[in-house]
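Hi everyone, thanks for coming.

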Amino acid sequence: MPDKFASLSAPSSDELSLLELADRLLNRGVVLTGEATISVAGVDLIYLGLNVVLTAVENLRGTREPAPARDHPA
Amino acid sequence: MNLLLHAITPLDAAADTPLAGLREQPLVRVDEQGLAAWATEFREAPDQLTRTDLLSHHDLVTRLDERLDASLPARFPTWVADVESVRRIIRSRRTDLATSLDRVRGRTELSVTAVWLTDDDAPPAPGVATPGKRYLLERRQAFAGSDRRRQRAGELADEVERLVGPEDLIEARRQVCPSKTVAMSMALLVPRVRAAEVKARLARVEPDVRILLNGPWPPYSFVAIG
């Protein structure tokens, strides 16, 4: 039976952790000026939020364990 | 705009913190009314920031947060024109900033996300011949499944709060069923010295979701200023 628990404490080594982190960096934090004039290359899609986490989870499964077909998104 | 802002911290403890800014640019500290703003000073603002910049910002904020015991991370990217503009921002929001710093002092953020292990799509009922009946039945099943999942996700979030316990849970933010695949997402503000223990307490296996734990991180989710 595959391990269903994952504890991820090293953001730089795990795509899912990166996405969770990026969601906070880009969507939260204190807003002081209301200006964001320069985009962030390669992470614009992350701005979409938690929906993207799924992609990371699937990537994670793909590298760590074979996922049953039913686990994939429709 | 040449200053990329990283965080606001208390000033008293901020002295003599040797750190570099992003892309090996100077890290400047702007002191104003008992607070310190930390920013990378670019001679010329880059055309585009990258994932590396994003992570460098996180690393920098994390080090500041750990060293100074309190920080208000700036949403990335926050550009400010010059030092005087930073001073003006601090002056205009000094009370809110100080109050927020007090709230997160000595505390850190943990992230808990639960992802469904299976789809919720129920198969069409056998023996339903007409397309209209089949459609209505499928819709009813979908709504019922959605309600079940919302209830289950709420129970998972309640369970997380119970496991953390009232002594360690300073504040919590939760999103229940924010998307089809994510059951719930939580940000927990806990005492920094208790973070590892709390995280270990939350490590467990559930039959229907995958639980993912992240952090401790600077308190990104708890620094909103109105």
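So, Glu84(B) has 38% relative accessibility, which makes it partly exposed (buried is under 20% relative accessible area, exposed is over 50%, partly exposed is in between, with a 1.4 Å probe and protein chains only). Arg91(B), at 37%, is partly exposed too. These two form a salt bridge, with the closest N and O atoms 3.1 Å apart; that term means a side-chain nitrogen of Lys or Arg within 4 Å of a carboxyl oxygen of Asp or Glu. They also belong to a network of salt bridges with Glu32(B) and Arg87(B).

Quick background: this is a predicted model, where local features need pLDDT of at least 70 and side-chain atom pairs pLDDT 80 or more, while totals for chains, interfaces and linings use all residues. Residues are numbered from 1 along each chain as written, chains are lettered from A and ligands numbered from 1 in written order, and side-chain values use heavy atoms, without hydrogens and water.

Next pair: what does Glu206(B) form a salt bridge with? It's Arg152(B), at 3.0 Å between the closest N and O atoms. Glu206(B) is buried at 13%, whereas Arg152(B) is partly exposed at 21%. Over all chains, the count is 23 salt bridges.

Now the nonpolar side: a core here is a set of buried Ala, Val, Leu, Ile, Met, Phe, Trp, Tyr and Cys residues joined through side-chain atoms within 4.5 Å. The largest has 25 residues, and Ile8(B), Leu72(B) and Leu97(B) touch the most other members.
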